[in-house]
Amino acid sequence: MFKTIVFSAAGAGVLACVALTALQSQTTEPLILHAEVFEDAGGGHDPGPAAPPVATSDATALAAEAPGHAATPAEAEESEEWGPADGFERTAFTALANLVIGVAVALVLLGGMLLRGDPIDGRRGVLWGLAGFAAASLLPALGLPPELPGTPAADVVDRQLWWIGTAAASAAGIALLVFGPSWMTAVLGLILLVAPHVVGAPPPPSHEAAYPAGLAGEFVAASLVVSAVLWSLAGWSAGWLYRRMEGAA
């Protein structure tokens, strides 16, 4: 069984990787590149108060503030974060990330279906995938929608904690609604779905972004479509492959 699970998840991950990389190249990636242009240009907005000075030696501070000072390679390296170059390198890293995510999603869905004990096939895989999309992407996006570069955001740890709690509560709430034995468990499931949004996601420091407002709406819609394709395709292909491999064994 373990071998069947691993090969099914790997095959589903490869299929999801190919589909997502092609889809992202036509949807989310152009929007990200467009937003990065505004981010690099400053977007024409007031940058706000300057950041507090970083403690450093007097000699270094005076040299850095002197007119005509040229940054050394070490200073340039510290001031610029590494990122993949546009073109093939960026696409390759995107495909690698999609492969890892596709395999992980397939493993999660197969694990859930195995724990449930129902027969595993493509149809059930799609249903589990849509439930996973709702729990991990759609419902958390109500509080923390996908963000373009240059979007003001709260502390990353606070956002991650809220997202993890929301995804876990949403998954439990959906499970209680679908598999719960009584109306009481259904009510508890609804409470779990609503509770994270009553608490609220960590608010951003401001709502002024460097890019046009319409770009954010396009990105949120495109990102959710891509996520829905990921979860449903991974669920269907993992369930279908598992059924075929189990039947051939």
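The model is predicted, so local features need pLDDT of at least 70 and side-chain atom pairs count only at pLDDT 80 or more, while totals for chains, interfaces and linings use all residues. Residues are numbered from 1 along each chain as its sequence is written, and side-chain values use heavy atoms, with hydrogens and water left out.

## The chain as a whole

The secondary structure comes to 9 helices and 0 strands. Helices (H or I, at least four residues) and strands (E, at least two) are DSSP runs, numbered from the N terminus. From that end the order of elements is α-α-α-α-α-α-α-α-α.

Of the 249 residues in the chain, 30% are buried. Buried means under 20% relative accessible area, exposed means over 50%, and partly exposed lies in between (1.4 Å probe, protein chains only). A contact means heavy atoms within 4.5 Å. Among the contacts with a separation of 6 or more, 81% join residues 24 or more positions apart.

Two packed helices are described by the angle between their axes and the distance between the axes. Axes are lines fitted to C-alpha atoms, for helices over the stretch in contact, and the angles run from 0 to 180 degrees between N-to-C directions. Angles under 35 degrees count as roughly parallel, over 145 as roughly antiparallel, 65 to 115 as roughly perpendicular and the rest as oblique. A crossing is left-handed if the near helix is turned anticlockwise from the far one by less than a right angle, and right-handed if clockwise.

| Helix pair | Axis distance | Angle |
|---|---|---|
| α2 and α9 | 9 Å | about 150° |
| α5 and α6 | within 10 Å | roughly 110° |
| α6 and α7 | within 8 Å | roughly 140° |

The residues in each contact can be sorted by class. Ala, Val, Leu, Ile, Met, Phe, Trp, Tyr, Cys and Pro count as nonpolar, Asp, Glu, Lys and Arg as charged, and the others, Gly among them, as polar.

On the α2 side, Thr28, Leu31, Ile32, His34 and Ala35 meet Leu215, Glu218, Phe219, Ala222, Ser223 and Val226 of α9. This contact of α2 with α9 has 7 nonpolar, 3 polar and 1 charged residues.

Helix α5 (residues 88-116) crosses helix α6 (residues 122-141) at roughly 110°, and the two are roughly perpendicular. The crossing of α5 and α6 is right-handed. Leu109, Gly112, Met113 and Arg116 of α5 touch Arg124, Gly125, Trp128 and Gly129 of α6. By class, the contact of α5 with α6 has 3 nonpolar, 3 polar and 2 charged residues.

Helix α7 (residues 156-179) also packs with α6, at roughly 140°, which makes α6 oblique to α7. The crossing of α6 and α7 is right-handed. The contact includes Trp128, Ala131 and Leu139 from α6, and Trp162, Trp163 and Phe179 from α7. The contact of α6 with α7 has 13 nonpolar, 2 polar and no charged residues.

## Single residues

Leu31 belongs to helix α2 (residues 28-41). Leu31 is buried because its relative accessible area is 11%. Leaving out residues up to four places away in sequence, Leu31 touches Leu148, Leu215, Glu218, Phe219 and Ala222. Leu31 and Leu215 are 184 residues apart along the chain, and their C-alpha atoms are separated by 7.1 Å.

Phe38 is also in helix α2. With a relative accessible area of 25%, Phe38 is partly exposed. Phe38 and Ala209 lie 171 residues apart in sequence and 9.2 Å apart in space, C-alpha to C-alpha.

Ala175 is part of helix α7 and is partly exposed, at 32% relative accessibility. Between Ala175 and Gly189 there are 7.5 Å in space, C-alpha to C-alpha, and the two are 14 residues apart in sequence.

## An aromatic pair

The structure holds 2 aromatic pairs. In one of them, the rings of Trp236 and Trp240 have centres 6.0 Å apart and planes at 15°, so the pair is stacked. Rings of Phe, Tyr and Trp (its six-membered ring) pair if their centres lie within 6.5 Å; planes under 30 degrees apart count as stacked, over 60 as edge-to-face and the rest as tilted.

Trp236 and Trp240 are 4 residues apart in helix α9 (residues 213-248), so about one helical turn separates them. Trp236 is partly exposed at a relative accessible area of 36%, and Trp240 is partly exposed at 37%.
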